[in-house]
Amino acid sequence: MPAFTASAPGKIILFGEHAVVYGHPAIAVPVMQVKARASVTPNLSGTPGRVRVQAPDIGLDSDLEDLPADNPLAAVIRALLAELRISRPPALTLRITSTIPMAAGMGSGAAVSVTAIRALAAFLGRPLPDERVASLAYLGEKLYHGTPSGIDNTVITYSKPVYYLRGEPIRTMHVRTPFTIAIGDTGVACSTAVTVGVVRRAREANPADYEKLFTAVGEITKAARSAIESGQPGSLGPLMDQNQALLQEMGVSSMKLDRLVMAAREAGAQGAKLSGGGRGGNMIALVTPETAPQVKRALEEAGAAGVILTEVRDLPEERSFLHDKDMR
Ligand code: PMV
C-alpha cells in the first residue's frame with residue numbers, strides 16, 4: 001500500500017470574529033504561506049489496527065489507542081475510522097508537521113485535522129467529499145475550543161475565501177480585485193476558548209449591548225463582502241478600523257494588539273484590526289504593494305514576533321494526495 005500526503009493552508013479572519021459565534025456573518029481567507037502537512041505510511045511488519053501518530057512539533061509520538069478521548073487529533077482520527085466503518089486499519093504511521101503558528105488565530109488545529117483526515121482517507125482508499133472533511137474537522141475544533149463557529153474548518157477545507165454564516169451552506173467568495181494584507185503576530189498565545197468565554201460571559205451580563213455590537217459587526221462584514229466581490233478593496237480599510245473599534249468594545253483587544261494596529265496605520269496601512277479570538281494572536285492590516293514594506297517594518301519595530309504578507313485572491317484548488325513515487 002503506497003504512502004499518501006496531504007496539506008492544508010492556514011487561515012485568517014478578515015471580518016466578523018466573535019459575532020460569528022452568535023449567528024452573524026464572518027469572512028475568512030486561506031493563508032498559503034503557512035501549511036500543515038500529513039503523511040501516512042504503511043508499517044508493513046506492524047500489527048493490523050495499530051495506528052502510530054507522530055507530531056514532532058508538539059513532541060507527540062504515540063499509538064492512537066493510548067491517546068485520550070479528548071485529544072482533538074485522536075478524536076478526529078477515531079471519528080474518521082468510525083465513519084468509514086474501519087475498525088482495524090492496516091498498521092500505519094500518520095506524521096504531521098506544521099508551519100502554522102499555534103494559538104495565534106491562524107487555524108493550526110483545524111489545518112492539522114483536515115490534513116490528517118485527507119491523508120488517512122486517501123491512504124485507506126476512501127477519499128471523502130469536502131463537506132464530510134469539514135464536518136469531521138469540526139469535531140476536533142469542538143475539543144480545541146468549546147463552541148467554535150465552524151469557520152476555521154470550513155475555510156481550511158475549501159482553501160478559498162469564504163463568507164461564513166453558522167449553520168448555512170458554504171459560500172465561497174469571488175475576489176474581483178486581489179489585495180494584500182500584512183499579518184502581524186503579537187507573539188502572545190491566547191486560546192480561543194478563553195476569549196470566546198470572555199465574550200460569552202460579558203454577553204450574558206449585558207445581552208442587549210452585545211447584540212448591538214454583534215449586529216454592527218455583521219453590517220460591516222456584509223459591506224466588506226460587497227467591496228471584495230465588486231472589486232473595491234480600498235474600502236476595506238475603514239471597515240477594518242470600524243470592526244476593530246467594536247472588538248475593543250467587546251473587550252478582546254489588548255495593549256499589544258492596539259500597539260501593532262496603530263503602528264500599521266501610522267506606517268500607511270489603509271486600515272487594521274485584530275484577527276481571530278484576540279487578547280493575543282494576530283492582527284491584520286490592509287496594505288498596497290507600495291506601503292507593504294514600510295508597514296512590515298513598522299510592525300516589526302513595534303514588537304511583532306513575525307509578519308506575513310499575503311495576497312487575497314481567487315485561488316486555484318490547492319490540495320494534494322501524492323503517491324510516494326510522485327514525491328521523489
Ligand atoms: O481565528 P481563531 O481560531 O482564533 O478563531 C476565533 C474566531 C472566533 O469567532 C472568536 C471563534 C469562532 O469559533 O468563530
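Contact is taken here to mean heavy atoms within 4.5 Å. The structure is a predicted model, in which local features need pLDDT of at least 70 and side-chain atom pairs count only at pLDDT 80 or more, while totals for chains, interfaces and linings use all residues. Residues are numbered from 1 along each chain as its sequence is written, and side-chain values use heavy atoms, with hydrogens and water left out.

Threonine 147 is located in the loop between α3 (130-145) and α4 (151-158), helices (H or I, at least four residues) and strands (E, at least two) being DSSP runs numbered from the N terminus. With a relative accessibility of 36%, threonine 147 counts as partly exposed (buried, under 20% relative accessible area; exposed, over 50%; partly exposed, in between; 1.4 Å probe, protein chains only). Leaving aside residues up to four places away in sequence, threonine 147 touches Val21, Arg166, Val196 and Arg200.

Val196 is one of the buried residues of α5, together with Thr195, Gly197, Val198 and Val199, and the buried residues of this helix pack against α6 (207-229) and α7 (236-250). At the start of α5, a side-chain oxygen of serine 191 comes to within 3.3 Å of the backbone nitrogen of alanine 193.

Glutamate 17, in the loop between β1 (4-15) and β2 (26-42), counts as buried at 1% relative accessibility. The side chain of glutamate 17 reaches the backbone nitrogen of glycine 276 at 2.8 Å, and, residues up to four places away in sequence again being excluded, glutamate 17 touches Asn243, Leu247, Lys273, Leu274, Ser275 and Gly276.

Conventions
A polar contact is a pair of N or O atoms within 3.5 Å; within protein, one must be able to donate a hydrogen and the other to accept it, and residues adjacent in sequence count only if both atoms are side-chain atoms.
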